[in-house]
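User: I am new to this structure and would like to learn how to read its features one by one. Could you take me through them slowly?

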Amino acid sequence: MKTARRRMDVNLEELDRVLDGAKQAPLSDDDHDKLKSVLHALVAMLARSPNNEKTSAVLGKTEESKTGDGAQPDANATKKPGHGRNGAEAFEGAKKVPIAHQNLRHGERCPDCEKGNVYGQKEPKVLVRIVGQAPLAATVYSLERLRCGACGQVFTAQEPEGVGPEKYDETAGAMIAQLKYGSGVPFYRLEKLESQLGIPLPAATQWEIVEEVAEVIKPACEELIRQAAQGEVLHNDDTSMRVLKMEREPGDDRTGVFTSGIVSTREGGKIALYFTGRQHAGENLSDVLKQRAEELPGPIQMCDALSRNVPKLKAGAEILLAYCLAHGRRQFVDVAENFPEQCRYVLEMLGEVYGHDAEAREARMTPDRRLQFHTDHSGPVMTKLHDWLEAQIAERKTEPNSGLGKAIKYLLNHWRPLTLFLRVAGAPLDNNIVERALKRAVLHRKNALFYRTLHGAQVGDLFMSLIHTCQLCGANSFEYLTELQRHARELAASPAEWMPWNYRQTLDRAGVG
């Protein structure tokens, strides 16, 4: 167990005096304590804290340690080294320009040997060229005007084809929303950048644009919530947020403001939702589940052990509660420095379970097959771990009130929901998917610091929900937001056909490419 060191104020002159004095005579007790404290402080400052929570990063590698943390033995042994460069196929959003040969056509005589004919190759030679440009660019059209000297009639040139009536087109709103709510660039920072590039774009104007866009594409977010309610597994959690102007309802004594993240999965598809306000994650999830079809069975809910994450359901509704195994594992990561041997054992045992889950994922097992696989392979591991945890407390090998004792009790107290993946098909191991989703809200909080009003927070929630869902299903969020605005009437009529995973098919059916 680490012992706390008492604070000592030492300056460089004192250190020089102590070191010079050590040449003449042995150090006194006070000088010894000063020098020792300085060296320990220096080592602590230079020591690197682990940048992840893998067992090898937290406790270091040993020859006897097992391969855990979700990695398989020799997982990279047969992997061929790459060159680290992106091929042309990786530039999915790039403009594609086919170029025919300037002098030859398919089937013509070879100009070199003049004996054979030339034939087109399956794979063309590709060149990738990348250019820089402002996030939002402007074009100024100068339309010539002619005035009759007799009657005074003024004749103005027609604007070029494709120039719309609005100053800011659909792509402008999509790009501002993408930068603000997708990449965490505050309005004022984008204003400064555009000003340096010669494009005035005040922060107030940016807000007016995204507010108008949010109203147009609101049906897509509402449909997203409805479909998320039908999910098989719902992950939820929240993080603190700040809203400057927020009226308190009568009788509401809450002071905290939160952004809740909900990720719903169903048949491989994923939907991300964000809700900002005084409600906790469980209350927001409860509101979402009100739209769940009654004929569907109760979903699996994955969260951590905080009671505020569990929804209060209406009569007759039920859920299967699963707790995040990564949260339980983190309890031991936090005390690993003080209890290295015991924590290594727990982390490596859990690492085996994560390794089995990775193997099931790589093999693309069905939920039922995955359940059987975990039952056969992870079940014995978890049983052995449970026996070890109980023995630590029952045989008084661990002080219950110590950091390790509290970590052990956390696992034992929540053992059943932590091991739902051993009893129910499709139950996940952890809540990491929503933890990653909440990083988008955390990025906004870090860069913009706050929302000015609750309405502004709701606009941000809408865009974050659509943008992160696009990321989860592999869609281009900028293109998606643009097309929603261009087809606002069709979106309002049938929002289910304009989801991130199917809007391209809707455009193809309409003959719009």
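Analyst: We will go through the cysteines, then the sheet, then the helices and cores. This is a predicted model, in which local features need pLDDT of at least 70 and side-chain atom pairs count only at pLDDT 80 or more, while totals for chains, interfaces and linings use all residues. Residues are numbered from 1 along each chain as its sequence is written, and side-chain values use heavy atoms, with hydrogens and water left out.

User: How many disulfides are there?

Analyst: A disulfide is a covalent bond between the sulfur atoms of two cysteines. The rule applied here asks for a pair of cysteine sulfur atoms within 2.5 Å, and by that rule the count is zero. The sulfur of Cys 113 has its closest cysteine sulfur in Cys 110, at 3.8 Å, which is too far for a bond. Cys 470 is likewise in no disulfide, the nearest cysteine sulfur being that of Cys 473, 5.5 Å away.

User: Is Cys 470 buried or exposed?

Analyst: Burial is read from relative accessible area, where buried means under 20%, exposed means over 50%, and partly exposed lies in between (1.4 Å probe, protein chains only). Cys 470 counts as buried because its relative accessibility is 1%, whereas Cys 113, at 43%, counts as partly exposed.

User: In what order do the strands of the open sheet lie?

Analyst: Strands of a sheet pair through backbone hydrogen bonds, either parallel or antiparallel. Helices (H or I, at least four residues) and strands (E, at least two) are DSSP runs numbered from the N terminus, and two strands pair if DSSP finds at least two bridges between them. Here five strands form an open sheet in the order 6-5-3-7-8, with mixed pairing. Its edge strands are strand 6 and strand 8 (320-323), each of which pairs on one side only.

User: Which way do strand 5 and strand 6 run, and what joins them?

Analyst: Strand 5 and strand 6 (residues 269-277) run antiparallel and are joined by nine bridges; within this pairing, Ile 262 stands opposite Leu 273, and Gly 261 stands opposite Tyr 274. The two strands form a hairpin with two residues between them, and Glu 267 in the turn has a positive phi of about 50 degrees. Strand 5 (residues 258-266) is largely enclosed by the rest of the structure, because eight of its nine residues are buried.

User: Which strands does strand 3 pair with?

Analyst: Strand 3 (residues 233-240) pairs with strand 5 in the antiparallel sense over eight bridges, and with strand 7 (residues 300-303) in the parallel sense over three bridges. His 235 illustrates both pairings, standing opposite Val 263 in strand 5 and opposite Met 302 in strand 7.

User: Which strands does helix 6 lie across?

Analyst: Angles run from 0 to 180 degrees between N-to-C directions, with axes fitted as lines to C-alpha atoms, for helices over the stretch in contact, and contact means heavy atoms within 4.5 Å. Helix 6 (residues 203-228) lies across strand 3, strand 5 and strand 6, running at about 115 degrees to strand 6.

User: Which residues touch the most other members of the largest nonpolar core?

Analyst: A nonpolar core is a set of buried Ala, Val, Leu, Ile, Met, Phe, Trp, Tyr and Cys residues joined through side-chain atoms within 4.5 Å. Of the 57 residues in the largest one, those touching the most other members include Ile 217, Leu 273 and Phe 463. Helix 6 gives the largest share of this core, 10 residues.
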